[in-house]
Amino acid sequence: MKKLVLGLIAVVVVAGAAYLATHRTPSGTGGAPAVTDQGVPNPLRVATEGAYPPFNVAEPDGTLKGFEIDLAKDLCRRMGVKCEIAAQAWDGIIPGLQAGKYDVILAGMSITDDRRQAVDFTAPYVLTPAYFVAPKDSPLTKIDFGLQRLDIANMDEASTQAMDKLKAALKGKTVGVQVATIHANFLDTYLGDTVTIRRYDTLQNLSLDLATGRVDAGLADMTGWQPFLEGTDGQNAATFGPGITGGLLGPGIAAALRKGDGRLLDALNNAITAAKEDGTMKKLAEQWFHFDASAK
């Protein structure tokens with residue numbers, strides 16, 4: 001009887017070893033990725049947009065570069081895993097995550113209550129205001145709105161006056177914005193009955209139309225505008241109005257991952273905290289944005 005029991009145990013052990021051998025295959029062999037003791041897939045599959053400089057952009061040869069590309073590599077190094085970074089169209093990036101095509105999104109994605117229903121977010125790593133941009137010779141750039149910053153979560157009398165002046169200045173104008181962004185939500189909510197909203201698949205395409213006069217103004221995060229304003233196409237463009245923060249614009253930009261993946265969330269948050277504490281986040285922000293855009 002004891003031999004029979006031992007024999008059955010041996011069969012179970014062998015079967016279990018065979019199962020692990022076929023279900024924990026190393027990367028590149030066609031099986032599922034291994035997982036570290038901290039619950040991090042190895043390699044970690046990272047999705048980015050590849051069309052939102054300086055956060056992320058694809059070179060003509062397909063090479064990805066930008067703040068989030070460098071950040072992803074740094075976070076992977078801290079977690080002891082390899083990075084596999086791939087471009088994904090913005091409007092399908094969350095469905096792709098939910099379908100298991102990748103493990104995490106680093107794509108200039110702002111934290112919002114609506115997105116929190118679909119994904120979990122890490123702590124923010126970038127926090128900057130949104131700005132309107134128009135041609136320098138536009139009357140819009142000559143208006144004094146009375147405020148440098150407008151926090152839509154805390155609207156006092158001065159903020160209300162600035163918002164009213166903004167609505168009056170933009171009335172009848174065509175304003176461009178990237179589709180499915182917090183900036184599109186802002187326009188829909190606060191200026192939807194005032195302006196004609198033109199939506200773009202990428203900020204780059206919005207910038208091109210702004211430079212050629214196809215729209216009167218555009219709205220995006222300041223870090224997103226930076227490459228355009230510093231480049232040849234944007235030399236005749238400028239920001240106007242107050243920098244807008246708070247409310248539906250969210251508390252900052254963060255990495256997104258599937259709901260319930262708590263161990264990966266903890267590992268990413270630990271790595272992000274470490275990158276902030278040792279100065280890496282600030283260094284990368286200053287390199288790519290030319291100012292410290294890192295969230296504290």
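This is a predicted model: local features need pLDDT of at least 70, side-chain atom pairs count only at pLDDT 80 or more; totals for chains, interfaces and linings use all residues.
A residue counts as buried here when its relative accessible area is under 20%, as exposed when it is over 50%, and as partly exposed in between, using a 1.4 Å probe and protein chains only.

Residues are numbered from 1 along each chain as its sequence is written, and side-chain values use heavy atoms, with hydrogens and water left out.

## The chain as a whole

Let us start with the overall picture. The chain holds ten helices and 16 strands; helices (H or I, at least four residues) and strands (E, at least two) are DSSP runs, numbered from the N terminus. Of its 296 residues, 46% count as buried. Contact means heavy atoms within 4.5 Å. Among the contacts with a separation of 6 or more, 68% are between residues 24 or more positions apart.

## Helix H2 and its partners

Helix H2 spans residues 67–79. With 13 residues, H2 reaches 18 Å from its first C-alpha to its last, close to the 18 Å expected at 1.5 Å a residue; that expected span is 1.5 Å times one less than the number of residues. After H2 comes Gly80, whose phi is positive, near 75°.

Several residues of H2 are buried, among them Phe67, Leu71, Asp74, Leu75 and Met79.

Axes are lines fitted to C-alpha atoms, for helices over the stretch in contact, and angles run from 0 to 180 degrees between N-to-C directions.

| Helix pair | Packing angle | Axis distance |
|---|---|---|
| H2 and H9 | about 110° | 9 Å |
| H2 and H10 | about 160° | 10 Å |
| H5 and H6 | about 95° | 12 Å |

Angles under 35 degrees count as roughly parallel, over 145 as roughly antiparallel, 65 to 115 as roughly perpendicular and the rest as oblique.

Take H2 and helix H9 (residues 262–277), which pack at an angle of about 110°. That angle makes H2 roughly perpendicular to H9. The crossing of H2 and H9 is right-handed; a crossing has this hand if the near helix is turned clockwise from the far one by less than a right angle, and is left-handed if anticlockwise. On the H2 side the contact is made by Asp74, Leu75, Arg78 and Met79, and on the H9 side by Ala267, Leu268, Ala271, Ile272, Ala274 and Ala275. By class, these residues are eight nonpolar, no polar and two charged. In this scheme Ala, Val, Leu, Ile, Met, Phe, Trp, Tyr, Cys and Pro count as nonpolar, Asp, Glu, Lys and Arg as charged, and the others, Gly among them, as polar.

H2 and H10 are roughly antiparallel to each other, and their crossing is right-handed. Here Phe67, Asp70, Leu71, Asp74 and Arg78 of H2 meet Thr280, Met281, Leu284, Ala285, Gln287, Trp288 and Phe289 of H10. The contact of H2 with H10 has seven nonpolar, two polar and three charged residues.

## Around helices H5 and H6

Helix H5 covers residues 157–170 and helix H6 covers residues 182–191. These two helices are roughly perpendicular to each other. Met163, Lys167 and Leu170 of H5 meet Phe186, Tyr190 and Leu191 of H6, giving a contact of five nonpolar, no polar and one charged residue.

Ala184 lies in helix H6 and is buried at 2% relative accessibility. Not counting residues up to four places away in sequence, Ala184 touches Val177, Gln178 and Arg199. Ala184 and Arg198 are 14 residues apart in sequence, with 9.4 Å between their C-alpha atoms.

Now back to Thr194, which sits in the loop between H6 and strand E13 (196–200). Leaving aside neighbours within four places in sequence, Thr194 is in contact with Lys167, Leu170, Lys171 and Gly172.

## A buried arginine

Finally, Arg115 is found in helix H4 (residues 113–116) and is buried, with a relative accessible area of 11%. Beyond its neighbours within four places in sequence, Arg115 has contacts that include Trp90, Ile94, Phe121 and Thr181. Arg115 and Ile94 are 21 residues apart along the chain, and their C-alpha atoms are separated by 8.9 Å.
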